[in-house]
Every structure is written in structure tokens, then in C-alpha cells.
Amino acid sequence: MAPVMQTSQPWVEKYRPKQVKDVAHQDEVVRVLTNTLETSNCPHMLFYGPPGTGKTTTALAIAHQLFGPELYKSRVLELNASDDRGINVVRTKIKNFAAVAVGSNRHGGYPCPPFKIIILDEADSMTQDAQNALRRTMETYSKVTRFFFICNYISRIIEPLASRCAKFRFKPLTEEIMGSRILHICKEEGLNLDSEALSTLSSISQGDLRRAITFLQSAARLFGSSISAKDLISVSGVIPNEVVQAIFSACRSGNFDLANKEVNNVIAEGYPVSQMLSQLYDIVIDADDISDEQKARICKKFAEADKCLVDGADEYLQLLNVASSTMQALSNMPQDMAF
Amino acid sequence: MLWVDKYRPKTLDKVIVHQDVAQNLQKLVSEGDCPHLLFYGPSGSGKKTLIMALLRQIFGPSADKVKVENKIWKVDVSFSLNFFFFSFRMQAGTRTIDVELTTLSSTHHVELNPSDAGFQDRYVVQEIIKEMAKNRPIDTKGKKGFKVLVLNEVDKLSREAQHSLRRTMEKYSASCRLILCSNSSSKVTEAVRSRCLNVRINAPMEEEIVNVLEFIAKKEGLQIPQGFAARIAEKSNRNLRRAVLTFEACRVQQYPFTNNQAIPPMDWEQYVSEIASDIMKEQSPKRLFEVRGKLYELLTNCIPPEIILKRLLFELLKKLDSELKHEVSNWAAHYEHRMRLGQKSIFHLEAFVAKFMSIYKSFLVSTFG
Ligand SMILES: Nc1ncnc2c1ncn2[C@@H]1O[C@H](COP(=O)(O)OP(=O)(O)O)[C@@H](O)[C@H]1O
Ligand SMILES: Nc1ncnc2c1ncn2[C@@H]1O[C@H](COP(=O)(O)OP(=O)(O)O)[C@@H](O)[C@H]1O
Ligand SMILES: [Mg+2]
Ligand SMILES: [Mg+2]
């Protein structure tokens, strides 16, 4: 018989702060929203910044704190990119939601201000047309609704929407803050992480706490309660440094066949080439003995290969091309593809 | 039955390579649950084998009782995503279309290649998941279990289909687990990858391949001369499936094995190698025309164009001077990319050959006058 599902909640959800004050490292927005809790006043908001820095968490927390569990459903509408957000859908959903009037009585100890909140998560994936359509909607219901736009890139939100909002940039979390959140989870879950593992986790997650927590949970599932730096690297998809260095040394050697052999090895090992490019990039940028001009030549190739990979080009051929071009740049060989 | 099927390990404790991964997988499902999983690694490295063994570990022998079905899915296509070839029939906001797809299923899981549905891939995936969520298996205590959906070749899944997966993966997480299988993880979107436990399956090392071949030889009661298995492994390019197939081909060709017995190459590889020689010997429109016929021949035999291009590059690189290697590999990458964006792969294969001929000819002229 089929085994029974265990309700094992993902830790990303389990350890999502429930209160605005518990959101780490984003002091400005926390200050403004704490004020909101007292005054029940709130402008439209635009949260932007890299993934896993607390944007969704903050929006959900303030909404919960303002309305409490009972009123939440009737006062807060969440829409994200996986929902169908064609223009008409958005308009109708928001219209139906916003049109029902609200009172302003405090309810169960929550402030319950006289407006509704509409959270548009991943708003940068909405089309320009849909965003334009929203302008009108925002105006029409401005008295009774507050919009929270959440996105990674503020440049993808059209100016007329952005200018109506108070904007907050969410910063990538520092390694210290990541470290302390992670230690907190380890304590709750009874995990053992040595200091090397902890700093590895902070650095491979690159300021994205969601990734850090996901890696931690994956490693815990696979390797039990004692987790090493190596375990974390293996679940993260980060390529071990030796492998990246091997490619780079082959490029320095000027030996095409050696580079080809290393490229073949990367492919056989199943390492994603897009990841390889970003790790190689870090090495190239940091290298002291490579001139700026050489770096520029190499990075230009990285950019081209990255685009080709997105288009679905073959990983082996792209990495070989990058390796060969890097080699040529390092030995100052001319490199032109004349048509 | 071919040896590749006959000697595919059925359970996680019987695998010969990837024992470490198999152990981890056992731990992973020891409490009956499992997260969404993404298996990635080169072809012939053992992904499918591990996935099947994992299903058996979770569900027991009944996971092996699979039936093949050719099913027609009725899917509602919304107006905004119409395509030119059926748009003329569209009037209302949505219409229903039929998508035919082959699935492999047991009572606990369904397996399919969603990319076979082409443009409709996203709808098919959604439909199947919804249907699976409706028919949840119920255990003796009346509790609901989950079903597993195995999706092959997710790297070929359209971006839209991958995007629509992210929400589905959360929404139906109580009733459905996804096991995704892909040759390359670069082509799986970050959002999908980050919702799965990623399991990298590397191509086995030559020594490991030798172990598998020796295991098969023992089971078949075959004597293998010293170094024979190693030669097969070396020729296999770390592709285990290929090594096992070649081994069986050798057996058919000649037994008892001899030390100097040739390891037969794949027919199509032999053919590409001839094309490479043709190109090196003469660079002319006439020769290009002949080569084109041969490329066509390969394509009509269903050898994927990028595989042809890579093999051709491999053969050419063996014959070239080091300074030309850079240029030729650059062009190979260039034309393969174009091929991916275009529709007629023969154009791009031929363009690569023409480009090569021109480079090589001017090299010859400048070197030898
Ligand atoms: N600033 C933060 N303070 C505390 N936890 C955070 C913070 N940022 C992210 N997290 C953690 O990471 C997870 C993802 O955060 P989320 O708010 O969904 O990120 P995003 O910025 O991508 O919307 C949350 O579950 C939470 O546990
Ligand atoms: N772990 C293993 N131990 C022994 N033989 C294996 C193992 N994995 C795969 N094989 C052999 O290799 C063949 C190809 O493996 P498969 O799982 O189909 O590769 P992939 O799905 O990665 O293309 C199988 O048919 C089987 O004969
Ligand atoms: Mg978010
Ligand atoms: Mg396969």
C-alpha cells in the first residue's frame, strides 16, 4: 500500500518570521512598518531586491499583524506569478476583491485599518500592458486599498506604478546574519554544524537565505544531523573548487587538448555549465596577473556563452569555446571570427 | 532481452555503480516520504536505473508492474496562448484540444516524456497532475498516500511548462511527488531546481564500468581476456549504457573473445569519421554536395544533429594543427547555437562543413603555397 504522507513542512515556511520586527537586516522598512502598526497608516509599497532577502515575508507579516487570522482572508489578496495574471484576470480579481466595502473596527486586538491589502508578488513578470491596466485600478480604489508590489528588478515596474509607491530596497543578507539565522534553525532541529560548514553555507548561498535554508534541509535529509561543508556543497550544485581550477589551469597551460579533456570531464561529471561559468568568472575577475584588457576579452566570451546556453545551445561546445577563447586571451593570441 | 535491460539493477541495494547515491536515497525515503527530486547527469550514466529502483524502494514490487498506455488528454487551451495552426478554429476564450501521449504507469506512479507533447507540454503536465491528485491511493488505515510523477527530459520542457510547474509543485505537494530527470541541469529553470532536492549522477569512471562488465560476464558464464573489458570501457566515453551494448555486440561478433578482437564502433560514428576524412581530403563545392548527402543520411536515421556536429568536431580535431583547433571549435559552437534557434538543422551542419573547408583550404594555401 502507498505510504502515508508525512506533513513535513519545508523549513523555508516553518522558519518564516511571523512578525515584521523579526525580519533581519532590513531596518528601514521594519521601522516604517512598525510605525504603520501604531498609526494604522500605510502608503502603497514597492519592495525590490534579490531573492531570499525577506520581501514576501515582510509583506505577509505586516498583513497578518494588521488584520489577524480571522479577517486575513477577506482583507488580503495575494497574487503571484504562477497565477494567471492576464490583464483581464487581474482587473476582475482585484475589482471583485476591492469593491466590497470594509469597516474599521478593531477586531480581536488587531489594528484592522479601513483598507484592504493587495500583494502582487513577483510583479516584475507582469506584462507592461497588465501593469498599465493596474494604474487605473489603483486610482479607482485608492481610498480602500493598499498595493504591495514585490519584485527583483525595480526597472521592470513601469514608472507610473513605481512613483505611486514608497520604495524599499532589500539588501542581500550579510554572512553574520545568515549565520545567526542558520544557527537558530540548527538549534531547533537538533543539527550539528561545525564552523567550516557554517561559513561554507553562508558563502555558497550568496546572501539568499532561502537557498541557505533549502540547502540545509536537503543536507539534513541526506546526511543526517551531522553536516559537513562537503555535504552542503554536494546538495548546493556548487562545483568543487578543484574542478574549476583544473579548467582554469588548463586554459593557462595553452594546451588545447588538455583543456578539451577537462571540458569533457566537467560534462561527464554532470556539472551544470552555467554554474561553471559563474565560478570561472569569479576566478578570472580576482586574478591579479591578468590584464584588464584580457579580462574584458574573456568576460565578453562568458556573456556570449551564457546567452547561448539560455537559448538551449550545447553545453560541451559552449564550455569548450569559452575555454579556447580564454586560452587565446591569456596568451594574447588574436581571435577573430571572420565571416 | 538486451543485456542493458537484463542487468539493470532492480533495487537500490543491488546497484554496482552509484552505491553512495543509492544509500542516500534509501535514507531519504526511509520514513515513507520524499521531497521532489531532480536527477541530472549525462546520458547512460544510470539516472533511470536509480529512479526505478527508488520507486521500488518506496512502493515495493508493485511499482514494477507497469503498463504502457497511449492516452488522449483533453486539455483546455486558453485564448492567449493559441498557435497559428489552430487559431483559425478559435472563437471563444478557450477551446479543448486532444493531445496524444504515451505513458508508463503502475498503481503508484506515472512516467512520461512531456516534451513529446510539443507546444502543449504545459497543459499535459497540469492535466496529469490534477488527475493524479484526484485519484490518490488510500492505505489500509484510510489515510491518503501520494503518487509519483516521473518526468523525463525536463531539459526539453518549454519555459512556460517549467514556469507553470513551480506553482503546481507547491499546490499539489500533498498528493503528488515529482521526480524529474534531465541530462543537463542548466536547462532546468532556477525556480524549479530550487524546489527539488538535486541529485547529480556523474558518468561512471572506466574502472566502475569494468566492474559492471565483469559482473555481467560472470552471470553469463563468459571468460574475458585480461584488459578486454578495460578497452570497451575506454571506448565508451564513460557511457555505461553504451559500454554494455558494445560488450553484447562483441559477444555476438565473436566468442570466445580474443585479446586483439576489435571493439566495433557504432555504425553512425564510423560514418561520421568517413565524412571527416572526406572533408580533409578535398575542399570543393562538389565535395560539399557529397557530404551533404551523407549528413542527410544520418539525420534520416534519427541521429540528433548536435550529436553529429559534436562527433564531426571530435574527428576533425584529431587531425588538425593546434592553431586551427581554436577556430574550428569556435565555429562548431557558433553553428550549433544557430541550429538550436533555427528549424532546418541540415543548413547549419552544412554551413559548418563549408566554413571548415574554407578555413582549412586557406590554411593549406598559406602553409604550402
Ligand atoms: N531578512 C530576513 N529575515 C529573516 N528571515 C529571512 C529574511 N529574508 C529571508 N528570510 C528567510 O528566507 C525565506 C525566504 O524569504 P522570502 O521573504 O520569501 O524571500 P523573497 O525576498 O525572495 O520574497 C523565508 O522563509 C525566511 O525564513
Ligand atoms: N547503478 C548501476 N549499476 C549497474 N549497472 C547500471 C547502473 N545504472 C545503470 N546501469 C546500466 O546502465 C544502463 C543505462 O543506465 P540508465 O539508468 O538507463 O542511464 P540514464 O537514464 O542515465 O541514461 C542500464 O540499462 C544498466 O544496464
Ligand atoms: Mg518572494
Ligand atoms: Mg535515459
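**Close-up views of two ligand sites and a chain interface**

A backbone N or O atom of Ser45(B) and an oxygen atom of ligand 2 lie 3.1 Å apart, in a predicted model for which local features need pLDDT of at least 70, side-chain atom pairs count only at pLDDT 80 or more, and totals for chains, interfaces and linings use all residues. Residues are numbered from 1 along each chain as its sequence is written, chains are lettered from A and ligands numbered from 1 in the order in which they are written, and side-chain values use heavy atoms, with hydrogens and water left out.

**View 1. Backbone atoms of chain B around ligand 2.** A backbone N or O atom of Gly46(B) lies 2.9 Å from an oxygen atom of ligand 2, while a backbone N or O atom of Ile16(B) is 3.0 Å from a nitrogen atom of that ligand. The protein covers 96% of the 560 Å² of accessible area (Shrake-Rupley method, 1.4 Å probe) that ligand 2 has on its own.

**View 2. The shell of 16 residues around ligand 2.** The closest of these residues, each having a heavy atom within 4 Å of the ligand, are Val4(B), Gly44(B), Lys47(B), Thr49(B) and Arg241(B). Helix 3 (47-59) and helix 9 (240-253) of chain B each supply at least two residues of the shell, helices being DSSP runs of H or I with at least four residues, and helix 3 gives the most, with 3 residues.

**View 3. The interface of chain B and chain A.** The contact (heavy atoms within 4.5 Å) takes 56 residues from chain B and 51 residues from chain A, and the buried area, which is the accessible area lost on putting the two parts together, summed over both, is about 4700 Å². There are 4 salt bridges between the chains, a salt bridge being a side-chain nitrogen of Lys or Arg within 4 Å of a carboxyl oxygen of Asp or Glu; one joins the side chains of Arg238(B) and Glu269(A) at 2.6 Å, N to O.

Conventions: A polar contact is a pair of N or O atoms within 3.5 Å; within protein, one must be able to donate a hydrogen and the other to accept it, and residues adjacent in sequence count only if both atoms are side-chain atoms. Buried area is the accessible area (1.4 Å probe) that two parts lose on being put together, summed over both.
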